[in-house]
Amino acid sequence: MEAEALEREIRAFLEEKLGITGIDRNAELVSSGLVDSGNLVRLATQVERIAAIEIPDRDIDADHFDSLAMIVDYAVSKAR
Amino acid sequence: MAPALGIEAPAPSPVPSDFLDACTTLPGAIEELVERFPDYECLIVLGRDGNEDRTTLAKFWERAKAAQALFEDRGLEPGDHAVLVLPTGGELVSAYFGVMLAGGVPALSAAPSNRISDHAVYRAFVAKVLGNAGARFVLGDDEVVEILSATPTGALGGASVLSTRDMRAGGAVRATVAADPDAVATIQYSSGTTGDPKGVMLSHRAMLNYMRLLRDGVGLRSEDVNVNWAPLYHDMGLFGAFLLPLLCGCPTVLIPTMDFLRDPALWLWALDGYGGAVSWASNFAYSLCAQRIEDHEIEGLDLSKWRIAFNASEPVLAPTVEAFARRFGPYGYRPEAMTAAWGLAETVMVCSAHPVDEEPRVDCIDRGRLAAESIAVPTSSEGVSLVATGQALPNVEIEIREVATRAGLPDRHVGEIWLRSNCLFEGYKNDPELTAQVCVDGWLDSGDRGYLVGDDLFFVAREKDLIVIGGEKYAPHDVEMAINRVEGVREGCAVAFGVANPESGTEELGAVVETRVEAADALADLRRSVRSEVARTIGLGIRRLHLVPPGGIDKTTSGKLARRSTRARYPEVFGGEYGS
């Protein structure tokens, strides 16, 4: 999946399922408290489905999922 | 999902339901089980990918022996402590008994949290646990070994870091020395990955007494298949998910905790596929399932065999209980399966439970009189709805006492919950002072507040300001320390507390922070920095952060932070203590 389409789908998930709207693609999600621990796992699982990749448990952290931009970069790198 | 997984229910257990009656130590119990029922398939570990690891008692024993060999090979002597940091699964349960078979004392601690990005924070925590336990060994999986291996020499107090990869079947082991029933069998560090670790020491006798009283109290039978995902460093996980079913001869199904969090429907499908009758979870998990699982994920699901859905380790919320029943009633879930319970690690685990097969009892009480007079007066409208956490289990006595005088209180008067039983802990490891504070004349001060109506116990609040989010405990002091490190915060002028969120079924983190800055830009930066520091070091996001000018936080006359009264000053931000 193209990075742009991926970003669009993740943003839609953030808006529809987590109620996080209007965020900048570099806005901090985890470290700002916007995405709590339960929703972080949920977000990662959704990214796994959207991007058709496997995400190991240990990668589900703020180092990889703290912003929309980071998530897209991570998913694209895993999809290669 | 499960229908496609093709999982099969385990064969009926050959273990008599009264098996535990004559057992006096944990290694003795497992050894006898292995001798009498070697081919009994006692344990199934189910992963998110549908892979199963089905283990007979003979195989379980072989794995435990492999762990024993590893510890002995590395120099564990009888009486030594070994800390186990592993996810819920086969390796942890084998290692747990392996340490005991070597004559050691296993201590369980939390695995690294995926929410805390700073590994140095986790290493410091493990170092504290090792120091408190005086442990010579820590056993982990690849991730833990990698994190701990980066620890500066000496920071782990000379403890050796062992890997589960080194557990090999067939290693030579010493003859097992019979354990003393009154010796410490296990130390539990169930307070998450932050703060000063509190090691709850439990003897073989207390643990076995406990398992018998719970078995009898809820009518657990060896044909009851138990399906769980709770982390085993947690008292509910260690006992509810693992030791109780295993040693009572119930087929025991474990799902790695992370696999449940990533795919909550897996838990329900496992209950369906294995014919699960008993499961333990905290309130947030029921809320998570009710809200998150979509229809297409549970087409054809059948929960009709689910007899006991224990709900414990954090406040049981009436809206969650109702939402779960509403959501899964059409799938065969029976509302009377929900069994609210209350307890604490110091009494092994839960020590009151609602009668099995009776629907949860909800008490709607007057909010104003609860806050002003600490009396639970029934009301018919707009009150606080509390779910009964049931009656004291056999051999447990519960009393409600007035805080200041410790005098007993009558029904419907809110006070401290005290209890006495034959399964109390031996004390906190290396902390006699704290032990003496909570153990008085054979009674335990639970640190919780509640009231009785007849025999029914209702939990109202925690006395000790503990924050519990998703069943995990956090000390407010640790959050406040993190906030105080941020430049611009008035040193020592931050308070943190849990704010109940009925929607998520658990608490969320709230904080009031005095600041030295006033400009809007600077306040926005400070807000970001505070949240970031707490997320980095505690692994929590502050959902409700209120920045206030100097004087915005209450302190007691002795200068201590007054968390409750501070929170009460800002009801528009945090709601009232008993909801808004």
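The structure is a predicted model, in which local features need pLDDT of at least 70 and side-chain atom pairs count only at pLDDT 80 or more, whereas totals for chains, interfaces and linings use all residues. Residues are numbered from 1 along each chain as its sequence is written, and chains are lettered from A and ligands numbered from 1 in the order in which they are written.

Chain B contains 18 helices and 28 strands, where helices (H or I, at least four residues) and strands (E, at least two) are DSSP runs numbered from the N terminus. For its 580 residues a compact globule would have a radius of gyration near 25 Å, and the value of 24 Å for chain B agrees with this; the radius is taken over C-alpha atoms, and the globule rule is 2.2 Å times the number of residues to the power 0.38. The C-alpha trace of chain B spans about 65 × 60 × 55 Å along its principal axes. Of the 580 residues, 55% count as buried, a residue being buried if 20 or more other C-beta atoms, placed from the backbone, lie within 10 Å of its own, exposed if 12 or fewer do, and partly exposed in between.

Two strands pair if DSSP finds at least two bridges between them; strands β3 (residues 81–85) and β5 (residues 137–140) of chain B do so in the parallel sense over 4 bridges, and Val83(B) stands opposite Val138(B) in β5(B).

Arg369(B) is placed in helix α13 (residues 367–373) of chain B and counts as partly exposed because it has 14 C-beta neighbours inside 10 Å. When residues up to four places away in sequence are not counted, Arg369(B) touches Ile375(B) and Val377(B), contact being defined by C-beta atoms, placed from the backbone, that lie within 7 Å.

Between the chains, 20 residues of chain B are in contact with 19 residues of chain A. The elements giving two or more residues to this side of chain B are α9 (257–262), α11 (283–292), α16 (520–537) and β28 (542–548), and α16(B) gives the most, with 5 residues.

Methods:
Contact = placed C-beta atoms within 7 Å.
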